[in-house]
Amino acid sequence: MTFRTVLLFGAPGSGKGTQGKILGTIPGFFHFACGDAFRNLRIDDPLGKVFIEYSSKGQLVPDKSTIELWKKNIQASTSNGSFHPERDMLVLDGIPRNPAQAEMLKSMLDVRAVFHLTCTDMTKMVERLQRRALRENRLDDAHLEVIRRRLEIYDQETKPVLEYYGSKLVHSVDSAASPMNVLRTILNDIAMLDEKQPKR
Ligand code: ADP
């Protein structure tokens, strides 16, 4: 089967996580944040070590391990009853992060929309990341050097995912707007998708 999916897409600091967490509290949505799944790994898990090695340098974890982690989490959430694939919309945040991952997920996802949270104000994004580093104790956002690397990798490796899905699926949302207004836009667009789709 394929999962009915919307993707939250945007640079580090664009507010994907904030929106994803809110959407995940609404009945009928299931939120998966790939970075959270990595951070939740046990300290003695070999993949946890790989994650620290890459993320502390601002780099992406290799694709194969990432997709396996995704599969394991989705399977676990389905078996413990938190995700009901037949009725829930899957909200993916932070995955796929390059076209190779999109290709690896292709047979499993029915992508209905890609929400591209845009932010042209670099200073604002860097500020958000630095605030979060303090609040959430995130190693990858504590140093400006790593933040810069993360933003570069986003431009070079992640942005091409938008072309992979094509402009028809991409909804651009100004992430400099307040969280409430970003949420309102996303929810409106999702409601319109539902109207276009026959009821299941
Ligand atoms: P942000 O949204 O601020 O970039 P995330 O929490 O999504 O942060 O990701 C933190 C780190 O986790 C990334 O820099 C990367 O090392 C790793 N990571 C998360 N998702 C993926 C993915 N899909 N593929 C590879 N690495 C990932």
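**Figure 1. Asp121 caps the N-terminal end of helix α6 in this predicted model.** A side-chain oxygen of Asp121 lies 3.2 Å from the backbone nitrogen of Thr123. Helix α6 covers residues 122-136. Just after the helix, Asn137 takes a positive phi of about 55 degrees.

**Figure 2. Span of helix α6 from end to end.** At 1.5 Å a residue, the 15 residues of α6 should span 21 Å.

**Figure 3. Buried and exposed residues of helix α6.** Met125, Val126, Leu129, Arg132 and Ala133 are the buried residues of α6. Seen down the helix axis, these buried residues fall within an arc of 125 degrees, and therefore they line one face of α6. An α-helix has 3.6 residues a turn, so residues three or four places apart point the same way. The buried residues of α6 pack against α7, which covers residues 144-158. The face turned away from the buried side carries the exposed residues Thr123, Arg131, Leu134 and Arg135.

Figure 4. In soluble globular proteins, nonpolar side chains tend to be buried together.

**Figure 5. Cys34 and Cys119, two buried cysteines.** Cys34 has a relative accessible area of 3%, and that of Cys119 is 15%. Both values are under the 20% cut-off, so Cys34 and Cys119 count as buried. A search of the whole structure finds zero disulfides.

**Figure 6. Leu187 in helix α9.** Helix α9 covers residues 179-196 and contains Leu187. The relative accessibility of Leu187 is 30%, so this residue counts as partly exposed. Leaving out residues up to four places away in sequence, Leu187 touches Leu23 and Ile26. Gly166 is 21 residues from Leu187 in sequence, and their C-alpha atoms are 21 Å apart in space.

Conventions: Residues are numbered from 1 along each chain as its sequence is written. This is a predicted model: local features need pLDDT of at least 70, side-chain atom pairs count only at pLDDT 80 or more; totals for chains, interfaces and linings use all residues. Side-chain values use heavy atoms; hydrogens and water are left out. Helices (H or I, at least four residues) and strands (E, at least two) are DSSP runs, numbered from the N terminus. The expected span of a helix is 1.5 Å times one less than its number of residues. Buried means under 20% relative accessible area, exposed over 50%, partly exposed in between (1.4 Å probe, protein chains only). The arc is that of the directions from the helix axis to the C-beta atoms. Contact means heavy atoms within 4.5 Å. A polar contact is a pair of N or O atoms within 3.5 Å; within protein, one must be able to donate a hydrogen and the other to accept it, and residues adjacent in sequence count only if both atoms are side-chain atoms. A disulfide is a pair of cysteine sulfur atoms within 2.5 Å.
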